[in-house]
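Please look through the sequence and the model below before reading on. The briefing that follows goes through them topic by topic.

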Amino acid sequence: MKLLQCPMNGTRPISEFVFGGELRAMPNPETSTDKEWAAYVHNRNGAPGLKKEWWYHGPSGTWFIAERNTLTEEVLRTYLFGQETAA
Amino acid sequence: MSNRIGKKPGEWINREATLRFSYEGKDFTAYEGDTISSALWAAGEKVLGRSFKYHRPRGVLSSANHDVNVMLTDGIDTNMRGDVIAVRDGMKLEAVNTIGGVKADRNRFIDSISPLLPVGFYYKAFHTPRRFFPFWENIIRKAAGLGIVNFNFPRVVKRKSNTHCDVLVIGTGPAGLMAALVAADAGLEVTLADENQHAGGSLTYDRAGASEAASKLSELMGRVKTHQNISLHTASYAAGYYTDHLIPIVGENGITKVRAKAVIVATGVFEQPPVFRYNDLPGVMLGSSAQRLIHRYAVKPFHSGIVVTANNHGYRVALDLLQAGVKVSALIDMRALGEASVLAEDVLGKGVVVHKGCCVYEALPSKGQMGVAGAVICTYDEVANQANPSNSFTLECDGIAMSAGWAPAAALLYQAGTQMRYDGTTQQFVPAKLPSGVFAAGKVNGVFSLEQRLQDGARAANEVLRYLGKNALEVSVDRYVGSSPSHAYPIVPHPKAKNFVDFDEDIQLKDFVNAAQEGFDNIELMKRFTTVGMGPSQGKHSNMNAIRILAKIRGLPVEKIGTTTARPFFHPTPIGHLAGRGFHPHRLTPMHAWHEAAGAEFTEVGAWLRAAYYHKPNLSKQEVIQEEALAVRQSVGIIDGGSLGKFEVQGADAAEFLERFYAGKFASQAVGETRYALMLDESGVVVDDGVVSRLAEDVFYITVSTSNAAAVYREMQRWLQIWKLQIGLINVTGAYGLINVTGPNARVVVGKVTKLSLADSDLPCGGIRETEIAGVAVRLVRVGFVSNLAYEIHVPAGNALHVWNALMTAGESHGIRPFGTDAQRLLRLEMGNHLVGHDTDGLTNPYEIGAEWALGMDKPFFVGQRSLKIIAKRPAKKRLVHFMLEAGFSGEMPFECNLVMKQDEIKGRVTSISFSRSVNRVIGFAYVDPADVNPGAKFHIRTDSGSMVEATVVKAPFVQLERGE
């Protein structure tokens, strides 16, 4: 079973985590066109590679960001949302 | 006739302990430590099993834990592998897969009709005409399979344990032992595992008639056994490789899940049989099998035999045979040049005749093919792969030892994602690129001499140290010199076939040629068409030859053919090892024991167990549900809603948070007021709904549906991080019990236990008050989900049962009746209230369920709002309506998910449907064409059988609202 490092609780088995999808910037709802908004809501980039993803550690209720290479299944680093530079 | 010989140094048997057992009705003795196969072979038994397909007699082949032709049953257990399972006193064993015993097996005739049963025969012969297939399938299923499962198998709980270590070393040959010692000396915690009863790998049997291996073994084991950093597990096989170095080690009594920081795979090699006619007769065995019988069990493999070889290992085998007192009448070397090392001089010096450039053209069977009577030897052109039977002679013998090469035991390496390459020096697949933290050492790494394997173990251990950031040495391993350990193509064609490649599945050389002719000339296709490697040993002795044969057929180098995918498990693993206790905890409400005592039938809702209904004598489930619902309509009912998700949001930004998270408006909400809360996702799909209560300017209390509670809370936490608002968010689901008292007499009953005025003017529908009930502080909410007069009482969980009991007492004179989730569903349906997740699906938007009123579209922002602005511009595709069937409907009852049809077009589906005693009609919800939503409109539901039922759209609620008093 895969292991994942929670920035608050250390290395834990993957069964304790919930995947929260790719971290993507929301376009401005006021200024974006319908097409831009629909692309944001519905389209996902499935190409393998380095992704920033939301992950949730269930037992402690911690959301964090994991930088994961979806081709090699390597997690490069994890950090709390907004603390990328401190990580 | 006993084949037991004098004591061998390091033998695995205990001659002090004699065990008695029976095989096929005949009594035998064994020593403690004997496997079933070794004990029978020692007693001179040669037919230990029948082959899977042709029911040919078979003896030992490898003695390497994958002799799947020798599988036995003791009446309780089945498919017990003879070369693995130790004899226990009193065992009564029989071979599986026979009718009438292993010697007189009535299915042995199948061998004589084998030319009628080529590979692919089943696929071609039985699939047409289709109507006969069930008949053939029945026969094929009976013929296939091996042992028969005893369904009265006693329940034995196998333990599961976990262990953690710095490095897991798999395999205890010289490379594995050295790797473990070097790692342990450097301070690493080492787990060392081996599938065999005793550690040592090839040192325990491959001795070439000399003492070097035995003394090296005792030297290494002396250090391993006393090393405090090494934990040794024998009789325990590494069953598979799972991500991040999780490896289950399966022993007799259970599985140990090992989580290691690094893994050294030192699993060695499997000896591969040369292929010649009748290479499957009892008495024809791999050279290493003969060595295992001699050195581990002190059993003579045969009395007067020959060795056929295509590498130097055959010479080592010959020396071991000679030392054990076996007459070796000839050594047949398939290589034109033979062997040039000192081993050859040694063998020749002991008077063994060596025939270079020759092969065994065929083994000669004794009577009934129960053993070997001799061998036909002829010259062999190893380049052209041609035997020349015109130039042949016959040798009498009672056994043949075969040594032609090896295949890496690389299953775990493959599973871990290792890229392998074919090495021309050793004619073997070896690791080319290993995954991070996985290392290989020893023969599996293509390293063969004893000195080099010890070096390779030390090298691997140092690489682990470097990987773990410790000080490490550069250890180099000498290059391999000498003849190749494996022959490139040790396969002898024969016009009459029966030259077996796969002993599990009875696959002969010609079967591969046929498969290729049929077009199955890719290794994965060939595997599936011929079933090579699909037997219980999973190709441990056949896949390598299959690859070589396919390469030859296609005229390609071996590395272009590739290998089939290796999957767990490495050995057949009894299902009892995998079965375990269900770790599936349920959450229980504070009143759970009360419900049990009241005869509740429970149902799973999310993580919770809730009462579905309460059994009543002589009443069916449906009758009980109608009665419970009727009690609510006529007087008063009580339900435990403790499983609802309950959250508190506090702080200056609490209202702002809810404004953004939910579709409705909360900034304008008054203290003491509750509001409906509709949760959407970013695409505008309805995800959940609940109730938001404002307890103070900056304190909100939220209830959400049971099954979505965890996901809703998770989303709240995530948006909170993104929005960075000043709030505290607390999940109080388990901290509060929830009791709902409902029905026309609810006000009277609740009024008896609280001082709060329950008058409409003081507590209107949608109001919440903090008050006391039966002396306990509670939050009291006036709700209207299942009837228009209902009180929801939120009470600290520890006091919930006290309040429940007080309400039951207060309601006694009004016939208060507990009801479960089934009646609740019917009651909310009668009220015309949809259930998110039941009447909606993963695409439903708020307009389709008529929830426009719950949308604060003029707010600056809420999750899903931008998408709704797009959706609102488009014509609706369907709308949820309330419907009734005609009075006294007695046709075929439609079910949930039956389609709503308009002519031949699907317009929607039924999402809820039930008979209601209060309404005396079948009522429900359905999605229909947006043109047909007005009361009185008719639509059609297609039932399971295809008949059409007419339904009429009506206005909710279905029931007359009670006024209360």
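Strand β1 (residues 14–23) of chain B runs parallel to strand β7 (residues 92–95) of chain B, and the two pair over two bridges; here two strands pair if DSSP finds at least two bridges between them, and helices (H or I, at least four residues) and strands (E, at least two) are DSSP runs, numbered from the N terminus. This is a predicted model, in which local features need pLDDT of at least 70 and side-chain atom pairs count only at pLDDT 80 or more, while totals for chains, interfaces and linings use all residues. Residues are numbered from 1 along each chain as its sequence is written, and chains are lettered from A and ligands numbered from 1 in the order in which they are written.

- In the loop between β1 and β2 of chain B lies B:E24, a residue other than glycine whose phi is positive, near 55 degrees.

- Chain A contains one helix and six strands, and from the N terminus on its elements follow the order β-β-β-α-β-β-β.
- The C-alpha trace of chain A spans about 40 × 25 × 25 Å along its principal axes.
- In the contact between the chains, 16 residues of chain A meet 14 residues of chain B, where two residues are in contact if their C-beta atoms, placed from the backbone, lie within 7 Å.
- On the side of chain A that touches chain B, β3 (17–22), α1 (34–42) and β4 (50–57) of chain A each supply at least two residues, and the largest share, five residues, comes from α1(A).
- That side of chain A is made up of eleven nonpolar, three polar and two charged residues, with Ala, Val, Leu, Ile, Met, Phe, Trp, Tyr, Cys and Pro counted as nonpolar, Asp, Glu, Lys and Arg as charged, and the others, Gly among them, as polar.

**Domains of chain B**

- The domain assignment of chain B, with bounds that come from an automatic or database domain assignment, gives domain 1 (1–154), domain 2 (159–270 + 407–467), domain 3 (273–404), domain 4 (499–574), domain 5 (645–828) and domain 6 (833–954).
- Taken over C-alpha atoms, the centres of domain 4 and domain 5 of chain B are separated by 65 Å.

**Helix pairs in chain B**

- Helix α8 (residues 313–323) and helix α9 (residues 342–349) of chain B pack at an angle of about 35 degrees, with their axes 9 Å apart; axes are lines fitted to C-alpha atoms, for helices over the stretch in contact, and angles run from 0 to 180 degrees between N-to-C directions.
- In this contact B:Y315, B:R316, B:A318 and B:L319 of α8(B) meet B:L343, B:A344, B:D346 and B:V347 of α9(B), a set that divides into six nonpolar, no polar and two charged residues.
- Helix α12 (residues 509–517) and helix α13 (residues 523–530) of chain B have axes that come within 10 Å and cross at roughly 120 degrees.
- That angle makes α12(B) oblique to α13(B), because angles under 35 degrees count as roughly parallel, over 145 as roughly antiparallel, 65 to 115 as roughly perpendicular and the rest as oblique.
- From α12(B), B:D511, B:F512 and B:A515 meet B:M526, B:F529 and B:T530 of α13(B), and these residues divide into four nonpolar, one polar and one charged.

**The antiparallel sheet of chain B**

- Five strands of chain B form an open sheet in the order β33-β34-β35-β32-β36, and the pairing is antiparallel.
- Strand β34 (residues 686–696) and strand β35 (residues 699–704) of chain B pair over six bridges, and B:S693 stands opposite B:Y701 in β35(B).

**Cis peptide bonds in chain B**

- The peptide bond from B:P568 to B:F569 is cis, with omega near 0 degrees, and B:F569 is placed in the loop between α15 (558–561) and α16 (575–578) of chain B.
- Another cis peptide bond joins B:A956 and B:P957, with omega about -5 degrees, and B:P957 sits in the segment after β47 (948–954) of chain B.
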